[in-house]
Amino acid sequence: MLVAPLVLLLVSFSPSSGAQLPNQGKVKDVPIATNGQPFPWDRMRLPKTVSPLHYDLTIHPNLTTLDFTGVARIQLDVHQDTSTIVLHAKQLQVSKVLLLAPEGVRPLHVLEYPPFHQLALLSDSVLTKGRNYEVQLEFAANLSDSFHGFYKSSYRTRSGEVRVLASTQFEATFARGAFPCFDEPAFKANFTIRMIREPRHIAISNMPKVKTVDLPGGLLEDHFDTTVKMSTYLVAYIVSDFLSVSKTTQHGVKISVYAVPEKIDQTAFALDAAVKLLDFYDDYFDIPYPLPKQDLAAIPDFQSGAMENWGLTTYRETGLLFDPEKSSASDKLGLTKVIAHELAHQWFGNLVTMEWWNDLWLNEGFAKFMEYISLDITYPELQVDDFFLGKCFEAMEVDSLSSSHPVSTDVENPTQIQEMFDDVSYDKGACILNMLRDFLTPEAFEIGIIRYLKRYSYQNTVNSHLWESLTDICNSDDLIEGGMKHKEFCSKQKRQSGSAIMDTWTLQEGFPLVTVEVRGREVRLSQERFLKTDDPSLTEGFLWQIPLTYMTSASNTIHRFLLKSKTDVLYLPEPVDWVKFNVDMSGYYMVHYAGEGWNSIIKVLQHNHTALTSNDRASLIHNIFQLVSIGKVRLDTALELSLYLSRETEIMPVTQGFGELVPLYKLMEKRDMAALENQMKGYIVDLFRGLIDRQEWTDSGSVSERVLRSYLLLFGTVRNYAPCVTKATQLFNKWKDSDGNMSLPVDVTTAAFMIGARTPEGWDFLFEKYRTSLQMSVKSRMKSAMAFSPLQDKLKWMMEQSLHGEIMKTQDLPDVVVSVSRNPRGYKLGWDFLQANWHTMIKKFDLGSSTISYMVNGVTNQYSTREMLDEVKSFFGSLTEETGSEMRCIRQTYETIEDNIRWMDTNLPLLQAWLDKRSHKALHEDLIFLSILGFGLSIMFCTTFCRACSRLREEAIEREAWRRSEQDGHAPSIYFIPFPGSRSRRDSDDHLRAPRYSQEFQSPPRYSMAGYCGPPPSYNELGLKPDDLPPSYTEYNTPVCPITPPPHTDMVQPQAESQQ
């Protein structure tokens, strides 16, 4: 079934308010219903004349004919007299509509307006304010073949049998495609659900099953308990042949994990994680989880990562299934974060829900933030703090474009609502909450959010409700049971308000760049919007209240300063060598160190990088390279800072270093600049060579160490670093020779698979194992490797099969297309595929969805030429509003390519010059090293040689001395200087018995080195201390040549000793 096209309304957005504007979503002309009559409502948002109190739903899916029927009985509360009820329905065949009034049952006239997905139910008599009524609607529809609404999913068993199931995904505006409803988050109601099914299937929903009733024809009807008051997008039901495993939390909640029968053995870890995390949230929020059960279901076909349906959370199989023998450390980390996110939603989003989608961040930002808070306590071994910073960097990437939007922004139609599910709502939301927590203190923040949840339970909220709850937290009547730690905190705390600060972060788009200039004790501060643009006027008119943190070379103390104005000055107690602002990057802003500031930072990193935390080092790497893109810092300065990475070992700075350096050569790959591209690749490999060489091809170490190892060895393999290629090739060949039965170290399998996918034979073997594997994490790694193959025919085939969905799942198509597009042999294939299949994909994945945005940006964001920009604009410019021409991701794509072009035009000459200089310097250093090495080897040779010669030389000198003394008529004065390690007969303390040199022998013995004629060695070079030498010994600087043996001496060549 195809998704009906939407009429997108062009509306003007206000950056400073989340309130509904009078004209938003309003039809210019009188809307006309499908039967030609005027439709009685002209706005996208529903009227508030009536609201639902309770839904009684009966749903009967037929998994053979792939359709469903249903009956919805809705109890209504009338707020003002009306004869019209307007609600939502999308592509439903509504056949019979009745009004159940105190006066009796009567039919209602139905009008339909598909552009707004609305039904109007017209009554012959007025529905009176304050009275309760019910409407009953019978309906039917096909199961959706997209990933939204009530849709079909399937999986293939080991034996090859295809089995079908039906599942729901209603967020944000898709409940209306499953049953008639008031499909807006503020219309909360209770739901009583009945599901009709065949005996071979089971049915699950938000609440526990109360009973099962036999129906005629051998069917069964499952009755589920009535839900708590909730929004329509949280309703869920599944009909399938799943199996389950269960446990009970300490608070008495039954947790069950559902999966297809052949994968049920991969659910144990998710079950334990869900039990632990639900108990944690129950205690942390000081609000009991309100339902008797919590189900987690792994759906074979699922577009997003997971969904927080109350009491029945749904997941991709990769987000819930874990095999301890096959899943990696990264898999474990990701799976646990997803579960933590969805369970946090049971409070943030489900219990307390945003009033409208403009404040989606109150749901998603909090859930993303709570992932890290919860796992830091419940799973400290996962070291989630090492990964939070990356979320802020991802948000800034989007937020640095003029096409960004405020965290709280006006949206009206379904496409605009879908576009809110982006990095700004999720990641920026989490990062500004982290900044607020740091500003208020963790204790104050915890008290405030508990107050917020308790005050607005089962209600809807807006931005201001959160700020009110976080303001004056200690004057709250809601925290009588808040605990002793809260009382102790409040007894010491002064009133602090986050409202004035946070409005500047949620009601305007973008983020600030703080420029710091240190002059002695004086620190000059200024702020402006960080924006990647060549139009300076676009940065004007923005002002944030920024809770600055900083530390200096003089102290590890974290100092604080609230920057409220465009410029300000603070004073240090003493001059310092360096200052670092935004400590651990707890704030959502970038910092530019003007004057000599960056040079001071670079010196610290080069000489003692551990003086700064790993998060600080990662933020410095990120900030300086981003500042290059707006012309605040020269590229060569940023590259000089990157040199310190050769000594870095922590995951965040290392991965951020890759994150800033790798995109530079990725731009060149699409410009046919092989020479410079290879120079840049070589520099990165050289930079991290030492760290790569220290990695073991095992699964040992902490989670962060394992994730970093996987990253490094994969990079080394992809970049053809010989030791990595050799090892990965060995592993793949052994694995292939065992027919895939050999157990590979999990964290390095992707590197091995990458090697295998380079040949047709290896690729085919990988695909065969992909096709039959039941381990989702293994399949994911195989898919990634196959998509990075240089075999273009295989890349095309992969994309086509992913689109068709029979051999490879269509849910994986976005990842395949983006991976192929990032492949230097496939980037043009990805772009061609996106264009050719655009209309099919927007129907499958829905306009405005994060999936479509991911594909658009992922395919195009490494283009950097005018020719490609024109081609991209030509395609997207040919679309209509109904096919996506006004989507935000298209504007972001234009901006990104234009930024890439500016970067390349400005920085390519600098990059070339710096790399050339670096190459010359490296060559010079190599020559010096070789010289030193040769010098050292020569000393070794000379030492060995002189050990053999020592006795002969001493005897020759002594003989000559005696000869001359006989001529002079006095005893000889001879003194021998022992060579290091020599064991001649005059070693040890023999020299103490020898008289001083005669006048003619006062110079030290001449020193010979292979091919060298120069001064004798100093005592340091001889490995001696000054006390080891007699007073008569002095270091001569005049060149001397190899000693000539005295006459009549038989010099024997010390062959044996020299060979040793």
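Which residue in β24 does T515 stand opposite? In this predicted model, T515 stands opposite S526. Local features need pLDDT of at least 70 and side-chain atom pairs count only at pLDDT 80 or more, while totals for chains, interfaces and linings use all residues. Residues are numbered from 1 along each chain as its sequence is written, and side-chain values use heavy atoms, without hydrogens and water.

Strand β23 has two pairings, where pairing requires at least two DSSP bridges between the strands. Strands are DSSP runs (E, at least two residues) and helices are runs of H or I (at least four), numbered from the N terminus.

| Partner of β23 (residues 512-519) | Sense | Bridges |
|---|---|---|
| β24 (residues 522-529) | antiparallel | eight |
| β29 (residues 590-593) | parallel | four |

Two residues lie between the strands in the hairpin of β23 and β24, where G520 takes a positive phi near 65 degrees. On the β29 side, V514 stands opposite V591.

Leaving out residues up to four places away in sequence, the contacts of F179 (heavy atoms within 4.5 Å) include Y55, H88, F139 and Y237.

For the chain, DSSP runs come to 28 helices and 31 strands. Buried residues (under 20% relative accessible area, 1.4 Å probe, protein chains only) make up 57% of the 1060 residues. Among contacts between residues at least 6 apart in sequence, 71% join residues at least 24 apart.

Conventions: Buried means under 20% relative accessible area, exposed over 50%, partly exposed in between (1.4 Å probe, protein chains only).
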